[in-house]
Amino acid sequence: MMRRRAATLMLFAVVAAGCSGQTQSPAPAEDPASPATTAARQAPAPSDVTAPEPTAEDGTVTTTTAAIEPAAGGLDPTVGGEIDQTLDELVAKLDQAIAGLEAGFAEEEGEITP
Amino acid sequence: MRKHIVRRALVISLAAGLLATAAAPAAIAQDEPQDTTRIDRFDDRIDTVAVAERIKDAALAAIDRRLETLDRLTAKVEASDHVTREHAAALLADYRDARAGLEALAGEIAAETDPRVLLELAASIAADFRIYLIVVPKSVEVVVSDTIVAVARRLEEAGAEVQAIIDGAGHDRDVAEAQRLLNAAMADAARAAPVADPVAESVIDLAAPDWPDPADRLLSQGRSDLRTAGDTLRSGIEHLRAAIRALRGDGATG
């Protein structure tokens, strides 16, 4: 009785292996260093490949809007870009003005001549 | 105070050196008019023509330096994008008057041969015009005052643009931090302009007879107020930058 059951189980196992074509094994954990994983990480997301990077006449690559990914929880990173530029100009004007103020007072030492 | 003491010491030492090497008889004649014998002895020993030439050269060089400074100030005011039309007109008129006065004085000095008279004329180059004690600092204060007011106005305009972005961000966005920073920026802009604005008016009419009082006090106060307004405005600019970063979700807010 025992021998017949064992033989049946072995026959079942052989048939099952033949149907699948290979022996099943647990899926390996992702190896961060494996070439396949690295390639998958480097592959561009679909939204990044909607257009090729335009190249200027001098060969420099320019950024496209399509390649910009919004920051999580924030607006598009280009938001306020022009305002940022305006603020840079205001800081420059302010710095120049204050430097001129100090230089103007430094000149008073010249009053001792002749 | 220390600066005044140093300046006074420099003036005294300069005068002492000049008198000792060149025009000692003239100074002695003014301080001790009763000792005529001594004066005559000095007059006999010095070459008055050479002394007069040395004084004349130094005086004319000092006038040239002031004329160049007036040219530089004229170019600065004419090139400024922010000086108001009224302020520019007042400053340019001052420069023209000072130039005319200095050129007339240069003519007098060039024609004079008496070392004693030349010394008096040379002294008036500083005392009658105060190019470096009044004209230069008041000019820069007017320019900086008008510039700060203009920058504050532009900051408020940029703030309005950021407000529009916040208003259009949609209800699913958390814009509370950006709004807080924007409010801080606008408060800074609103505080800076009223501090800087009155400075130009308080100094623009200062002239040589106003030295030292009230010119020294008003110019010092103006300089201090403009520094304060400049710092406030710089803070406002940084607050607005931080508001924009908060809107982008950069996280690094101030």
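Tutor: Happy to! Two packed helices are described by the angle between their axes and the distance between the axes. Here H3(B) and H5(B) pack at an angle of about 10 degrees, and their axes are 9 Å apart. Keep in mind as we go that this is a predicted model.

Student: How are H3(B) and H5(B) oriented to each other, roughly parallel or roughly antiparallel?

Tutor: Angles under 35 degrees count as roughly parallel. H3(B) and H5(B) are therefore roughly parallel to each other. As for handedness, the crossing of H3(B) over H5(B) is left-handed.

Student: Which residues of H3(B) and H5(B) make the contact?

Tutor: From H3(B) the contact uses B:Thr48, B:Val51, B:Ala52, B:Ile55, B:Lys56, B:Ala58, B:Ala59, B:Ala62 and B:Ile63. From H5(B) come B:Pro115, B:Leu118, B:Leu119, B:Leu121, B:Ala122 and B:Ile125.

Student: Which residues is B:Val77 in contact with, beyond its neighbours within four places in sequence?

Tutor: They are B:Val83, B:Ala88, B:Leu91, B:Leu92, B:Ser139 and B:Val143. Look at B:Ser139: B:Val77 and B:Ser139 are 62 residues apart in sequence, but 8.3 Å apart in space from C-alpha to C-alpha.

Student: Now the whole chains, please. How many helices and strands do chain B and chain A have?

Tutor: Chain B has 8 helices and 0 strands, and its elements run α-α-α-α-α-α-α-α from the N terminus. Chain A has 3 helices and 0 strands, giving the pattern α-α-α along the sequence. Burial can be given for a chain as well: buried residues make up 38% of the 254 residues in chain B and 11% of the 114 residues in chain A. In chain B, of the contacts with a separation of 6 or more, 79% are between residues 24 or more positions apart.

Student: What about the nonpolar core? Which residues touch the most other members of the largest one?

Tutor: The largest nonpolar core has 76 residues, and B:Ile148, B:Leu155, B:Leu233, B:Leu240 and B:Ala243 touch the most other members. Elements from both chains give two or more residues to this core, including helix H3 (81–106) of chain A and helix H3 (48–79) of chain B. H6(B) gives the most, with 18 residues. This core also draws at least three residues from each of domain 1 (19–129) and domain 2 (132–248) of chain B.

Student: Could we zoom in on one of those residues?

Tutor: Take B:Leu240. Not counting residues up to four places away in sequence, B:Leu240 touches A:Leu87, B:Leu155, B:Ala158, B:Gly159, B:Val162, B:Leu182 and B:Ala185. B:Leu182 and B:Leu240 are 58 residues apart in sequence and 5.6 Å apart in space, C-alpha to C-alpha.

Student: Last topic: what should I look for in the backbone?

Tutor: Look for exceptions. Most residues other than glycine have a negative phi, and most peptide bonds are trans. B:Arg130, in the loop between H5 and H6 of chain B, has a positive phi of about 50 degrees although it is not a glycine. B:Arg130 also counts as buried, with 23 C-beta neighbours inside 10 Å.

Student: And where do I find cis peptide bonds?

Tutor: The bond from B:Trp211 to B:Pro212 is cis, with omega near 0 degrees. The bond from B:Asp213 to B:Pro214 is cis too, with omega near 5 degrees. B:Pro212 is in the loop between H7 and H8 of chain B, and B:Pro214 is in the loop between H7 and H8 as well.

Notes: Residues numbered from 1 in each chain as written. Chains lettered and ligands numbered in written order. Predicted model: local features only at pLDDT ≥ 70, side-chain atom pairs only at ≥ 80, totals over all residues. Core = buried A, V, L, I, M, F, W, Y, C linked by C-beta atoms within 7 Å. Buried ≥ 20, exposed ≤ 12 C-beta atoms within 10 Å, placed from the backbone. Helix = DSSP H or I, 4+ residues; strand = E, 2+ residues; numbered from the N terminus. Domains from an automatic or database assignment. Contact = placed C-beta atoms within 7 Å. Axes fitted to C-alpha atoms, helices over the stretch in contact; angles between N-to-C directions. Parallel < 35°, antiparallel > 145°, perpendicular 65-115°, else oblique. Left-handed = near helix turned anticlockwise from the far one by under 90°.
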